[in-house]
Amino acid sequence: MTIATRIPIIRLYGNLIVSIQVSLSDDLVVALKEDITQNIGDYGARGLIIDLSGIDLMDSYISRSIRDIALISKLMGAQTVISGMDPLVAMTLVEMGLEMNDVRTALTLEDAIDLLGMERVEADDAAFSEFILAGVNSRTAD
Amino acid sequence: MLMSPLETEIKNILSKYLSPIVAETVLSSRIAASGISLRRLRIGDRQRLLLSLQKGLGRYLKPQQAKDCMNQLESLLNSRNSVSAPAATEHQKISIRSEGDIVVARGAGRQMCKTLGFTSLLQVKLATAISELARNIVQYAGEGSITLHASHENGRPYLQVTAEDHGPGIPNLDSILSGRYVSKSGMGKGLTGTRNMVDEFDIRSSPNSGTLVVIRKWVK
Ligand SMILES: Nc1ncnc2c1ncn2[C@@H]1O[C@H](COP(=O)(O)OP(=O)(O)OP(=O)(O)O)[C@@H](O)[C@H]1O
Ligand SMILES: [Mg+2]
């Protein structure tokens, strides 16, 4: 069993990608919520992809945790797409009555990227948005 | 000593008519009296065993009950001629105190499901059910246990999962089971979802003794 203390978050063209490969514990979920909100705030991400292709079981606790993360992200202006859910896991969630109606889903990571309309951000634009963000941050800090 | 598969099946039938202790006593004394080995049945052993059990049952059951019970035993033993013996009974008790134990319990459950021959969908469903029951123990009772029991009845294998704790019990059980319940601490789908996924679901809860959930799923 892999013992992870944090789940890495990848920043990509204005979006965040998280791939969950371990069984989520309470501590991991708390850390992940913190890290994602922090990243959305710092980076101004508009989209969040949570890839679940490494998960072979989701109980009500895990599915609720993922839904919570999606809701928090939405409040911060980032749209969440869940990708790669194992078909057997999906069938089980439905039978449990745990379908995630309020979260967008995609079959694969590629589909999720398409869904978010992810495009390569030109270097200049990236620098510009960083400049703007820096301004915003320093203003709110005052 | 571990019971042979056949012995377990006979005991299961006897337990429908007798209390578990009496069933076990009758069975072991009758096996001893007839001098046969259930692991290696020789010609004529089936008949000897049936006759011996019949004598034993006569002491505890009314004639009609004894007859019903004997019919079941007879069809069990006759079916043994043709079917190959299913895997032996397996039994595993896991203490549940922390999140790590939840992972251990559902992993062990999934492994047992695989051995029993459940489809991969049912493996996921049962492991999920175990996860729900184990998590409820950690969340609401603090500690308890999950017992996994793989066995078979009339040649049909099943997995039975017992979740037990001595926590505060569930006061509003009826509203939870009817699906009207809105949980403060979760989605309130753990118990009803688990019930949906299994063949048999039994729950007992009281503030004095805690909560006991027994579920069973048959391999079709
Ligand atoms: N072992 C237990 N001991 C005491 N109370 C329990 C136990 N199991 C469940 N409960 C109570 O029953 C309620 C319903 O449990 P159930 O598992 O169905 O939903 P939940 O735990 O609230 O949410 P979910 O499982 O969907 O995350 C719980 O909110 C809790 O109050
Ligand atoms: Mg629960």
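Me: Which residue in β4(A) stands opposite Gly47(A)?

Reply: Gln79(A) stands opposite Gly47(A) in β4(A). Before we go on, this is a predicted model, where local features need pLDDT of at least 70, side-chain atom pairs count only at pLDDT 80 or more, and totals for chains, interfaces and linings use all residues, while side-chain values use heavy atoms, leaving out hydrogens and water. Residues are numbered from 1 along each chain as its sequence is written, with chains lettered from A and ligands numbered from 1 in the order in which they are written.

Me: Thanks. How many bridges join β3(A) to β4(A)?

Reply: Five bridges link β3 (residues 47–51) with β4 (residues 79–83) of chain A, and the two strands run parallel. Another facing pair there is Ile49(A) with Val81(A). Two strands pair here if DSSP finds at least two bridges between them. Helices (H or I, at least four residues) and strands (E, at least two) are DSSP runs, numbered from the N terminus.

Me: Which strands does helix α2 of chain A touch?

Reply: Helix α2 (residues 60–75) packs on the sheet and touches β3 and β4 of chain A; its direction makes about 170° with that of β3(A). Touching is contact, with heavy atoms within 4.5 Å. Angles run from 0 to 180 degrees between N-to-C directions, along axes fitted to C-alpha atoms, for helices over the stretch in contact.

Me: And why is β4(A) called largely enclosed?

Reply: Because four of its five residues are buried, β4(A) is largely enclosed by the rest of the structure. Buried means under 20% relative accessible area, exposed over 50%, and partly exposed in between (1.4 Å probe, protein chains only).

Me: What's the strand order in that sheet?

Reply: In chain A, five strands form an open sheet ordered β1-β2-β3-β4-β5, with mixed pairing. β1 and β5 (104–106) of chain A are the edge strands, pairing on one side only. On average, neighbouring strands in this sheet are turned by 25° against each other, direction ignored.

Me: How many helices and strands does chain A have?

Reply: Five helices and five strands. From the N terminus, chain A goes β-β-α-β-α-β-α-β-α-α. Of the 142 residues of chain A, 39% count as buried.

Me: Switching to chain B. What does its secondary structure come to?

Reply: Chain B has eight helices and five strands, in the order α-α-α-α-β-α-α-β-β-α-α-β-β from the N terminus. The C-alpha trace of chain B spans about 60 × 35 × 30 Å along its principal axes. Of the 220 residues of chain B, 49% count as buried.

Me: Is the pairing in the chain B sheet parallel or antiparallel?

Reply: Antiparallel: five strands make an open sheet in the order β1-β2-β3-β5-β4 of chain B. β1 (90–96) and β4 (200–206) of chain B stand at the edges with a single partner strand each, so one side of each is left without a neighbour in the sheet. Neighbouring strands here are turned by 10° against each other on average, direction ignored.

Me: Over how many bridges do β3(B) and β5(B) pair?

Reply: Eight, between β3 (residues 156–165) and β5 (residues 210–218) of chain B, in the antiparallel sense. Asp165(B), for instance, stands opposite Thr211(B) in β5(B).

Me: Which strands of chain B does helix α5 lie across?

Reply: α5 (residues 99–116) of chain B lies across β1, β2 and β3 of chain B, at about 165° to β1(B). Helix α1 (residues 5–17) of chain B lies across β2 (144–153) and β3 of chain B, at about 100° to β2(B).

Me: At what angle do α6 and α8 of chain B pack?

Reply: About 150°, with the axes of α6 (residues 120–141) and α8 (residues 190–197) of chain B 9 Å apart. α6(B) and α8(B) are therefore roughly antiparallel; the cut-offs are under 35 degrees for roughly parallel, over 145 for roughly antiparallel, 65 to 115 for roughly perpendicular and oblique for the rest. Residues making the contact include Leu133(B) of α6(B) and Leu191(B) of α8(B).

Me: Last one: where does Tyr13(A) lie?

Reply: In the loop between β1 (9–12) and β2 (15–19) of chain A. Tyr13(A) has a positive phi of about 45° although it is not a glycine, and is partly exposed, with a relative accessible area of 31%. Over in chain B, Asn154(B) has a positive phi near 50° and lies in the loop between β2 and β3 of chain B. Asn154(B) is partly exposed, with a relative accessible area of 47%.
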